[in-house]
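Hi there,

Have a look at it first, then read on.

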Amino acid sequence: MLDETKGLYKKRTGLKINPAKTCQPIGAMYAALGIHKCLPHSHGSQGCCSYHRMHLTRHYRDPIVASTSSFTEGACVFGGKSNLKKGLENVFHIYNPDVVAVNTTCLSETIGDDVGEIIKSTDVPEGKTVIFANTPSYAGSHVTGFSNMCKAMVTHVSEKKEGKKAKGINILPGYVEPSDMMEIKRIATLLNVPFTMFPDTSNVVATPNTGNYSMYPEGGTTIKEIRRAGNAIATVALGSFSSEAAAYELEKKCEVVPYIMKEPIGIKATDAFIMKLLELNGGNMDASLEFERGQLVDVMVDVHNHYHGKKVALFGDPDILIAMTEFVIDLGMIPTLVLTGTPGKIFVAEIQAMFDQAGLTESQVMIEEDLFTFHQLIKASPVDIIIGNTYGKYIARAEQVPLVRMGWPILDRVGHSYFPVVGYKGALRIIEKITTALLDHYDQTCEEEDFELVM
Amino acid sequence: MLDETKGLYKKRTGLKINPAKTCQPIGAMYAALGIHKCLPHSHGSQGCCSYHRMHLTRHYRDPIVASTSSFTEGACVFGGKSNLKKGLENVFHIYNPDVVAVNTTCLSETIGDDVGEIIKSTDVPEGKTVIFANTPSYAGSHVTGFSNMCKAMVTHVSEKKEGKKAKGINILPGYVEPSDMMEIKRIATLLNVPFTMFPDTSNVVATPNTGNYSMYPEGGTTIKEIRRAGNAIATVALGSFSSEAAAYELEKKCEVVPYIMKEPIGIKATDAFIMKLLELNGGNMDASLEFERGQLVDVMVDVHNHYHGKKVALFGDPDILIAMTEFVIDLGMIPTLVLTGTPGKIFVAEIQAMFDQAGLTESQVMIEEDLFTFHQLIKASPVDIIIGNTYGKYIARAEQVPLVRMGWPILDRVGHSYFPVVGYKGALRIIEKITTALLDHYDQTCEEEDFELVM
Amino acid sequence: MSESKKLVDKVLDIYPAKVMKNRKSHMVIKDASVKQEIAANTRAIPGIITNRGCAYAGCKGVVIGPIVDMVHIVHGPVGCSYYAWGTRRNKGKAREGGQNFLEYAFTTDMQESDIVFGGEKKLKAAIDEAVELFHPKAISISATCPVGLIGDDIHAIARDKAKEHGLKILAFSCEGYKGVSQSAGHHIANNKLMTDVIGTIDTPAKEFSINLLGEYNIGGDEWEIARVLTKIGYNIISTMTGNGAIDEIANAHKADLNVIQCHRSINYVAEMVETKYGLPWIKVNFIGVEGFSKALRDMAKYFDDPALTARTEAVIAEETASIEEEMATYKALLDGKTAVLFVGGSRAHHYQGLLREIGIETIVAGYEFGHRDDYEGRDVIPYIKVDADSRNIEEIHVEKDEKKYSLRIPASRAEQLKKEIPWASYDGLLSEMKDGTLVIDDLNHIETEQIIKILKPEFFGSGIKDKYMVQKMGVYAKQMHSYDYSGPYAGYQGAVNFSRDVAAGILTPAWKYITAPWYKEPLLSGKVEGVEQVC
Amino acid sequence: MSESKKLVDKVLDIYPAKVMKNRKSHMVIKDASVKQEIAANTRAIPGIITNRGCAYAGCKGVVIGPIVDMVHIVHGPVGCSYYAWGTRRNKGKAREGGQNFLEYAFTTDMQESDIVFGGEKKLKAAIDEAVELFHPKAISISATCPVGLIGDDIHAIARDKAKEHGLKILAFSCEGYKGVSQSAGHHIANNKLMTDVIGTIDTPAKEFSINLLGEYNIGGDEWEIARVLTKIGYNIISTMTGNGAIDEIANAHKADLNVIQCHRSINYVAEMVETKYGLPWIKVNFIGVEGFSKALRDMAKYFDDPALTARTEAVIAEETASIEEEMATYKALLDGKTAVLFVGGSRAHHYQGLLREIGIETIVAGYEFGHRDDYEGRDVIPYIKVDADSRNIEEIHVEKDEKKYSLRIPASRAEQLKKEIPWASYDGLLSEMKDGTLVIDDLNHIETEQIIKILKPEFFGSGIKDKYMVQKMGVYAKQMHSYDYSGPYAGYQGAVNFSRDVAAGILTPAWKYITAPWYKEPLLSGKVEGVEQVC
């Protein structure tokens, strides 16, 4: 397994090997799916759209529909205007979405198509909306694309109605699972917070099977709701990398006060999220949530011995990693390595601050790096467990270390769409996964005389 | 691992090897914990009480408190009357429970203590209740003990108030996890069913840690509620082995109509449970539950390829096995062997009927058998996966087959107290566990060239 | 069949006029009494939700990527490399002492500054780093969309760096906008194999030596095919490109026969190989019991060796006997069901036989990126119009290599054989279809939806993008590219695997739960209420 | 210390008068200036939530169960066998070519009819089946409560079946109601080892040969101890009974020294062994760095061999150096914290030294099933009143075995040694405690609760039954019987393991989250509302 991975880590300038990120448009497509009756549209070669749909489908195991401008060589020479205009016409005629969310690709960005202008010059049917985000694949990562599309929702849709009293709270869930979005809504509902959450993929990419296919499932935030977001009291943006741009845009455009928070993964970040909602909305803590929190604390106390002091290497997307690094430290684990493929120096600063506070002098944080580097560093400094997406499985097998699948994408297991990792219940799930992974590994590899009934 | 397990299965008459059951009192103790402010009391040697508390504590990782008559040799000769009387006096003076639930042991049963008479002759404080169940360790199993204590609740507490209109539905959850009891309550609540569920351990053995220890947690069904159960319209008894005796007793004593159902594990049994509640209570199906069901069906369709046709051996307690056998058949799996240590020929009939209906001509069902037999039969007819409690882990390792931990007890993993296996969400959890176990096993044992990213 | 007609009418009715006209030309209701023509390999219409991919996907993703001992560098932004990493199930093993890079993805991960100032420097550095870290035998460079636009000269870099480091570097200008589907990429890739690889090593071949072309070892297909071929006595010089090794492909021209599994671009390679080196090709179908047996017999006829023929028959007898009972079981379970097949390469055609062996009739079929000859047969090739999109894809022309050319079979014998076996010939998908069934090229999302709704097949064989929409409609959909992570499906054992999986998929009990009981039982209104947000 | 006094008063105040009087006699606030007496090994009071187990637990669960190559049949209803199966963490390995039954539980699973008609037939069948299936070297039969009552003669059956099958069968009348705690069971078990096992094999011993008594290899303790002893040059003939083998125990009398780790019943065995075979015993404490080093030095003094002594010092130096830094780290983290220890065997005493080495002072300690001499020292033995419960437990008496007896050490040298090392002596737990600290025998549930509330220690070392109630009060509780599934804790590496685990337990960040932020932050009312049923 990964037999060609040898040697010590050395910074490379040309070659990325086994990337820990992918390109913007797929993130933009995922975000767009969180709008009700929205058809994402990929402005570029049809291969992009195909790849993005395939990859999203593998992760969600649900239909992921999107259209494409189907560039040919001619479009590259003459520009993609005609492809987009024709494409939009066909889309509205044939598929009748409420919204089309256009993302660009490296192709249309390189040739310099002015998508905004093209859309303006297109005859969009009455009552229909077209929004767009510039998502060049050669900048940022899929997380950036998600963020850009969220921002585009605000830019193109949200409005502040003057004279109307501000009310309600916007929640930007960030680049998380449909199950997580559902859980965030449950928490806000239990706290009696009037809220608008967008995007919301929870009933779009994790839909029931009832024998009826509907191209546009019941879920997703409506355009009306996104529009009214401009009249909210405040925006709670979860995950700075995926949500802060939209929150700031709401501030700029509609003067809605932004609060940038961590993803509510782990006890501390969930506490903070709940406290923020209580602070903004008033009201009291909900008893059932408090009960869940108490159970979480109970488990953290009672089974710390299964993971406390264990070394963990984490990779994935910045927002998940920031919250997870905090949580594994709160579990008493030692995050020796935290690595993302996404750029953003603030990530290094945030993680390093956690290391410093926890006295972890030998831990490393890296951005814009790849899984070849991740593997080399683990070989140099072995860990007990890896937390990351499916791509970590090769390293896990090569190094005979258990992998806890978290983050995006998960292409080889079932469950992430249905069971959240956010909130207190989610934290319990993470603990279940970590302990199970460590104990399973022990049970498989220990000497027979050390194999035990009670653990 | 289990190197001394050899040879073909041959019925034994004297020796049980690695039993697949334990004794009545522990089940009675668990049931008693589901009464609010109840202190279980073990009438026998103090070793019994110690063992039962230890074992329950290992499973629930929460304080399990119970008192004992602390028999000595003298008590055996002269009878345990004085021990029980003194015990009860001390218990009420020192620990101030609302209820004491006495279970007997093989010791007090063998010497023939008349516990009912002893209690009658004891000065029980005003407003306090003492109930008891005969739970000789030499008959039935821990499941029988649970059932007997549930029945005792009815016998000693439930009352039909004449002239009062019957209302509400009793739900007997059976011998399941606190998480399962919570989920059963959630389902009934979502269906707007006015219900009394007993026992209810959900906030007794899976309590939050808030820094304050309370000997009697907030949970458990109150004596008042159990009393009023006599005035319910109907009893829905989940799991015939653990709940039917109490339901029939309610019918006999208070003319409450009993409905004996499977534990709502798996889609079919959950459908039946919900249909029964709707039938009894009227009202409509809840949308969020329907949504969960649709997601479950979706996953059953979409990932059947991970488990369809896989051979599974199951062991454990009858009620769980009956529902689980039905569910694994509904998943397209082949239950080649279903074994319980608990006696009860009806179990054989129920499972065999499922085999017959599914055309499983080579599958076996066994009662009153042990894990040595289970292992011998698996050696003779290998399986892809084992489903059972923690005790299956030795066989799983010996045969290099994955084990999905379900049922009672689970002594070496975390999660069962917090995440239900009943209901649609529970069925999803079971699928997650089965697929993860099979895929993890594949990923660990396959040839390197067969190791894959997408599954 | 009126069902097909109804379907076509219904579908076309949805479209705007222009689209309707276009799509109509891609649909044919089979009528054996006339010569039928189908539009294929034309542009997808913007806005239409097509299943098609791009030239890069065809070149790197399909053809070049499976070669195990090369470092395949994708020059471009990160995504294209990422999506083609480990997703296609082309399995492979390192050769004794050799390397295997299938678990790796290599990319230059171009950034904005590379787009502005050019990516050549980064590509050069990437090659240097790859050589320093891995010392591979060969490297490929695949260009993605922006590369062609900004003018990076990947061919010059490949040439220079190959010289500098002393290894083979193959550069592919397979930008995503080339052509109209992944087919353009197959073409680009195979051209390069022809010009730069095949014929560059001359290790003498043993008897009965063959190449397998158009076989990508998805789910281990090649291994199952090779198992049987080896048992019979064949020597497989190279496979293009499943579990391929660069030196083996370089030596391919030393074989006696090219055996062609897939369509179009690989036929075209085979033809060039014959022209240049003299070894002929035959078309085979390794899918299904009959298909595989026929392929084995055709091959035996070509070699015309009594011992080989005897071993062929013995192996066929042994292998078919071992699976007979199981196949019969599945047939009993599935008899009378119907299938729709929409998948690239040869599969929409080849799987029809296997499906028929288990009682399933294919009522609609089509290719995702086929050409007219894939539908109508190779006779139509001279009559295909070359449009603007095809013109941009280089056609190469080869001549006889006087040094390396050798005629394997006397011309007279060859003429005879052409009557007996599919010597350099393919009759096309349409020939397989029954009258009244429907053939659709480049099937799209809304057409799929209508097919399922109107024809209600029990089996839909396609890709991951439409799998789940079909299953939401209560119909089992199988990924025919990835086999839903099962396999092998080729050869005899593959037939069993496929049949087992199809039976499971169609019969898995989950389907019977799609309608909730409160919609079935009369005692209830079936109305659903409540708010779903609260969990 | 007034805290101790306050605690005692508070606790006693809860009880009814009779209980108060009883429990008061089990509590002593240490005062070194007077000779103090404590009530111990008396009946638990009915209704009191005691931690104590039964004679069966002590016999089968603790002493006999760990012998790896015996089939341990529990005669009785299923539960007793079930609960003692794999729960105690006494690890063991099969000897070369031998058997290991630790993963098995054997029981006659008595049913109602067996209670009515007697269980002898079933027991006989069980023995026959065990022999047929496993051909073990030896079998044990442990009786549970009903067996004695219904009069099954397990001893006769053992005798007859041993003869019939030609193997050793040990029968234990360890019914759960015998005695007042598991201590009775230890006694019953050890008696049988003395009468039926030790001295039945006479393989000559090598030099420096010892037995380890009262060491059960929990979490691998024995292996860590043996690692160091073997390094020094000792030959361990047998361990009773952790990872024990029946033939090794049978040969125990050939050793030169018995080394006693645990208390009471095992001292009593050692004494009988000395009487019968002449080998003396010393008391050791293998827990903690100082404890283990002292034990090694004491043993070296006994053997008085210059090379052995030198190796002892060398090994001590090497081992302590290797853990010094880590121990210092933990001490820095934990210095100044307090502990409460309540655990059976010797641990409530022995762990105090180790805790002190990492800066933790023990402020309350007690045994679960101790006797007065375990608290007050062996000098008190002649003065202990034998009550009704103790009288029922057989005392055996042995005499010198003229054939097998040999004096290991000249009497004069022995007299000298007695002054230097703990030769057949033990000073008791009280001697370890500081003035003002509290000693409680048979600590129970409500006393534990009060201790935690009033004394607020940082560490509570006890068993699983009180672990979680203590942790609910915000105090780390460690299972001192099972080590919370960690270990080994004995010896040098064990000291590090223990310290690491204690540091983790006390310092794990979870504790700081016990109070929710809405109870801390001023901006909120902190009121909680809602209905918990709805998920």
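Let me begin with chain A: UniProt, in an unreviewed entry, places the feature "domain: Nitrogenase/oxidoreductase component" at residues 23–438 of this chain. Please keep in mind throughout that this is a predicted model. Over residues 23–438, chain A is 47% helix and 15% strand, and the end C-alpha atoms are 33 Å apart. Chain C carries an annotation too: the UniProt record, again an unreviewed entry, gives "domain: Nitrogenase/oxidoreductase component" for residues 54–506. Over that stretch, chain C is 47% helix and 14% strand, with its end C-alpha atoms 32 Å apart.

**Where chain C meets chain A**

The contact between these two chains takes 77 residues from chain C and 78 residues from chain A. Together they bury about 7000 Å², and 62% of that is on carbon and sulfur atoms. Which three residues supply more of the area that chain C buries against chain A than any other three? They are C:Tyr82, C:Tyr83 and C:Lys472, which supply 12% of it.

On the polar side, 33 residue pairs are in polar contact between chain C and chain A, counting pairs with both residues at pLDDT 80 or more. Several elements of chain C give two or more residues to the side that touches chain A, among them helix H4 (78–83), strand S3 (106–107), helix H6 (120–134) and helix H20 (464–472). The largest share comes from H6(C), with eight residues. By class, this side of chain C has 44 nonpolar, 19 polar and 14 charged residues.

Side chains of opposite charge can pair when their charged atoms come close. Across the interface of chain C and chain A there are four salt bridges. A:Lys16 and C:Asp109 meet in a salt bridge through their side chains, at 2.8 Å from N to O.

**A sheet that takes in both chains**

Five strands form an open sheet with mixed pairing, in the order S1(A)-S3(C)-S2(C)-S4(C)-S5(C). S1 of chain A and strand S5 (168–172) of chain C stand at the edges with a single partner strand each, so one side of each is left without a neighbour in the sheet.

How does the strand from chain A run against its partner, parallel or antiparallel? Strand S1 (residues 16–17) of chain A is joined to S3(C) by two bridges, and the two run antiparallel. Within this pairing, A:Ile17 stands opposite C:Phe106. On the other pairing of S3(C), strand S2 (residues 70–75) of chain C joins it in the parallel sense, also over two bridges. There, C:Val74 stands opposite C:Thr107.

**Salt bridges in the whole model**

Over all chains the count comes to 130 salt bridges. One to look up lies within chain A, where the side chains of A:Asp370 and A:Arg12 meet at 2.7 Å, N to O. This pair links distant parts of the chain, 358 residues apart: A:Asp370 is in the loop between strand S13 (364–366) and helix H15 (371–380), while A:Arg12 is in the segment before S1 of chain A.

**Backbone details**

Most residues other than glycine have a negative phi, and most peptide bonds are trans. With that in mind, here are three places to check in the model.

- A:Asn18 has a positive phi of about 55° although it is not a glycine; this residue lies in the loop between S1 and helix H1 (24–33) of chain A.
- The peptide bond from C:Met240 to C:Thr241 is cis, with omega near -5°, and C:Thr241 is found in strand S7 (residues 235–241) of chain C.
- D:Gly487 and D:Pro488 are joined by a cis peptide bond, with omega about -10°; D:Pro488 lies in the loop between strand S14 (476–479) and helix H21 (491–507) of chain D.

Key
Residues numbered from 1 in each chain as written. Chains lettered and ligands numbered in written order. Predicted model: local features only at pLDDT ≥ 70, side-chain atom pairs only at ≥ 80, totals over all residues. Heavy atoms only, no water. Contact = heavy atoms within 4.5 Å. Buried area = accessible area lost by both parts, 1.4 Å probe. Polar contact = N/O pair within 3.5 Å; in protein donor to acceptor, adjacent residues only side chain to side chain. Helix = DSSP H or I, 4+ residues; strand = E, 2+ residues; numbered from the N terminus. Nonpolar A, V, L, I, M, F, W, Y, C, P; charged D, E, K, R; others polar. Pairing = 2+ DSSP bridges. UniProt positions renumbered as here; feature names shortened; annotations may be inferred.
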